[in-house]
Amino acid sequence: MTGVHSLLPDGLLTGAASGAEDLSRYLDGGGYGPLPAPDRLLGLIDAAGLRGRGGAGFPAAVKLRSVRDAPGPPVVVANGEEGEPGSVKDRWLLRHRPHVVLDGLRLAAAVTGAARGWVYLSDGPAEQAVRQALAEWPHDLRVDVVRTEPTYVAGEETAAVRRIDGGPALPTAKPPRPFESGVGGAPTLVANVETLARIALIHSRPDSAAAVAGAHLVTLSGGADSAVALVEAPAGTHLKVLADLCGHGTAAAVLLGGLFGGLYGEGWTDLPLDHDGLIAAGGALGCGALHFLSARDCPVAAATEAVAYLAAQSARQCGVCVSGTRALAGTLESVGCGEAGHEAVEKLHRWARQLPGRGACGLLDAAARTVGTLLAHFPDRVDAHRRTVCPDCDGDVPEDGRRFTVPVP
Ligand code: SF4
């Protein structure tokens, strides 16, 4: 199965899927309702348990409250720059449903008290759809669009702030976090566009708030034909259900969260689509992108390609990231080519434990998690690569991450 689908009875975000939804269609669907009392909406978001959809899964209500309570007039940013090559949900949302994102931005501004907003993105068709929606937007909040070059780290929240302020789209060290000092030094809410869209739906469907908050937009890819499906699924859906939908039910492994959540082998079918369940299993949901590997896809080659891609995408600001990703990629490649001894595998184990949390953004964590989960789930395949030529990958591993890069359906 390819294209856009929903496993929810009334197709929340993927319901209106053909062309960009214009203002009249959005209003007909109940959008842009009267502004609520800010505390009431914040309470609804909190009670529904909405978590951010950019990757970290931070509680949305906590983030909104932090910006609202910080000293100084706040601003809000809709972050549509999805750096994960295997994710398309944010670009799809902006291209097809710009008004639901803008409605969420308007509501986030109301909750935090912001009088200024930005939409931050890199996708040309998405920019066109957002500008068209803003041209017919019936609200006072001033919203500007800032377009950046797409890179793995450009969507990180401090990179978004820096780029909107006219600098490069590169992360900065934290603290300060954007809620303390963001765009122009103001307390800034940087919220993923799916998070904002879910805030708009919680406002328009308060009786279904928990179902809205729990659902996820998931990008599914993999296999020889690289078919891509965008699916909206309820919280807790087993990954096997999602894999069956797109013909990957017999996959041998899955890469979780784009390149952020690690590689999972035996037992992946029982994993649930939710942040805490995947973290408990040693992975991470991240942006919700899942890339399936068939029995003929070598997991060592896939991990090597992922780490090489991440090393190439390092923004080269943190010494530990530059040296760490390069060492992980180089050592993994030598293991994959059968040129490494046992001590190389020992080093990979050590780095996978020591490196997470030491960069300014999540790129180094992603590389370390990919290596750590490969070693944990496929020790025999790693060991076999040190002794014989792998019949599946033949030791030939591209470094450009091409297999993970998917088009918007
Ligand atoms: S961890 Fe790496 S990618 Fe992230 S800011 Fe530091 S150097 Fe850049």
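Predicted model: local features only at pLDDT ≥ 70, side-chain atom pairs only at ≥ 80, totals over all residues.
On the overall fold, the secondary structure amounts to 16 helices and 10 strands. The C-alpha trace spans about 65 × 45 × 35 Å along its principal axes. A compact globule of 409 residues would have a radius of gyration near 22 Å, so the 21 Å of the protein agrees with that expectation. Of the contacts between residues at least 6 apart in sequence, 73% join residues at least 24 apart. Buried residues account for 57% of the 409, while the accessible surface is about 15,700 Å², 51% of it from carbon and sulfur atoms.

| Helix | Residues | Buried |
|---|---|---|
| α7 | residues 157-164 | six of eight residues |
| α12 | residues 299-313 | 13 of 15 residues |

Helix α7 is largely enclosed by the rest of the structure, because six of its eight residues are buried. Those buried positions are Glu 157, Thr 158, Ala 159, Ala 160, Val 161 and Ile 164. They pack against helix α3 (60-69) and against the strands β2 (75-79), β3 (116-121), β4 (142-147) and β5 (188-192). Just after α7 comes Gly 166, with a positive phi of about 95°.

Helix α12 is mostly covered too.

Note on methods. Residues numbered from 1 in each chain as written. Heavy atoms only, no water. Helix = DSSP H or I, 4+ residues; strand = E, 2+ residues; numbered from the N terminus. Rg over C-alpha atoms; globule rule 2.2 N^0.38 Å. Buried < 20%, exposed > 50% of the residue type's maximum accessible area, 1.4 Å probe, protein only. Contact = heavy atoms within 4.5 Å. Areas by Shrake-Rupley, 256 points an atom, 1.4 Å probe, with all protein chains shown as cover. Expected span 1.5 Å × (residues − 1).
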